Amino acid sequence: MSTTAVRADCAADPAGTLTFDLTGPGTAAPASTLLLRRRGAAGAKPGGTVRIPLGDFGPGRLRAVLPASTRLAEGRWDAYVEEERGVEGTRALEPGLRDLRALVDRSPDTGAPGVSARVPYPTVDGRLALRCWVRAPHAEAGAVLAGPDGMTVEGVLYGATAGEGAAVEARLPGDPARTHTVPLTPAAGSAGSFTFTLPYAPPAAGPVPEAQLWQLWLVPAAGAKGVRISRILDDVWSRHTSFVYPAFPAAPGVLATPCYTTDNDFCLRLEPAPAGR
């Protein structure tokens, strides 16, 4: 792979179509394509490739358009510019300007079977990548009010309808016996809007010898399959460090904090309190 990077400016429209404008050495190659390669799990092969034609867009500039209708599996996709297929030469894309304002507060049709989202972002080593989500159905987290005794969360359910027995389950991965359930309440607003309040004390009643991430799942009706509660319908590719909520005592020696994972899944973190708290 060439070590010469090509800069890519990105823009999004409200439907989720992404436009890539490339500048840099070698961008005049007429047969070049934009190559997206899905990362595999650790030690695994990549999970697929997508090639998008690049067309001239002024002197020294090429443009590629990724329609919202193009299927991309959930995961992280690295972006490259590739010369004519079969010819040696694939170059990393360096992130340029990213105009993603149109992705903020997206409101897909709640009657659709699910939602997809894709956000361009800079990797830690300075390359361009896409974080893609495909959720069917999907529970989008909204406002989170973290109080001293519990948290109240608003959201919207897509691709399913909440019915009798609808609830939210806080699950501790790896321990099926550690599940706490609270009722789901319809909320004013758009179709599919919901709210729930999760107290901290019940999950914290068990042992918390080290940090625990309790996953939050919306169960649309009694006996239905759970839907992971996440927040993906905007321009934030990872909320892990950018959305920070206060920690509160949940039990003697235990702190509770609402949080997001690096993949924007919503959780409740329990952890031993520092000495003196």
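**Strands, burial and pockets**

Visitor: How many residues sit between β19 and β20 in their hairpin?

Guide: Two residues lie between β19 and β20, and G253 in that turn has a positive phi of about 80 degrees. Strands here are DSSP runs of E, at least two residues, and helices are runs of H or I, at least four, numbered from the N terminus.

Visitor: What sort of model is this?

Guide: The model is predicted: local features need pLDDT of at least 70 and side-chain atom pairs count only at pLDDT 80 or more, while totals for chains, interfaces and linings use all residues. Residues are numbered from 1 along each chain as its sequence is written, and side-chain values use heavy atoms, with hydrogens and water left out.

Visitor: Back to β19 and β20. In which sense do they pair?

Guide: Strand β19 (residues 248–251) pairs with β20 in the antiparallel sense, over three bridges. Pairing requires that DSSP finds at least two bridges between the strands. V254 in β20 is the bridge partner of A251.

Visitor: And how many bridges join β20 to β21?

Guide: Seven bridges connect β20 with strand β21 (residues 266–272), and these two run antiparallel. Y260 is opposite F266 of β21. The β20–β21 hairpin has five residues between its strands, and N264 there takes a positive phi near 70 degrees.

Visitor: Is β20 mostly covered or open?

Guide: Mostly covered: in strand β20 (residues 254–260), seven of the seven residues are buried. Buried means under 20% relative accessible area, exposed over 50%, and partly exposed in between, with a 1.4 Å probe and protein chains only.

Visitor: Which residues of β20 point which way?

Guide: V254, A256, P258 and Y260 point one way, L255, T257 and C259 the other, and all are buried. In a regular strand, side chains alternate between the two faces of the sheet.

Visitor: Why does T257 count as buried?

Guide: T257 counts as buried because its relative accessibility is 4%. Leaving out residues up to four places away in sequence, T257 touches Y245, P246, A247, C267, L268, R269 and E271. A contact is heavy atoms within 4.5 Å.

Visitor: Different spot. Where is V81?

Guide: V81 belongs to strand β7 (residues 75–82). V81 is buried, with a relative accessible area of 7%. Its C-alpha atom is separated by 6.6 Å from that of A92, eleven residues apart along the chain.

Visitor: Pockets now. How much space lies in the largest pocket?

Guide: About 290 Å³. A pocket is an open set of points on a 1 Å grid over the protein atoms alone where a 1.4 Å probe fits, with protein on both sides within 12 Å along at least five of seven lines; lining residues have an atom within 4 Å of a point. Points are joined across faces, edges and corners, and the volume is the space filled by probe spheres set on them.

Visitor: What lines the largest pocket?

Guide: It is lined by 18 residues, with E140, A141, G142, G155 and V156 nearest its centre. By class, the lining has eight nonpolar, four polar and six charged residues. Ala, Val, Leu, Ile, Met, Phe, Trp, Tyr, Cys and Pro count as nonpolar, Asp, Glu, Lys and Arg as charged, and the others, Gly among them, as polar.

Visitor: How many charged residues line the second largest pocket?

Guide: None; that lining has eight nonpolar and six polar residues. The second largest pocket holds about 200 Å³ of space.
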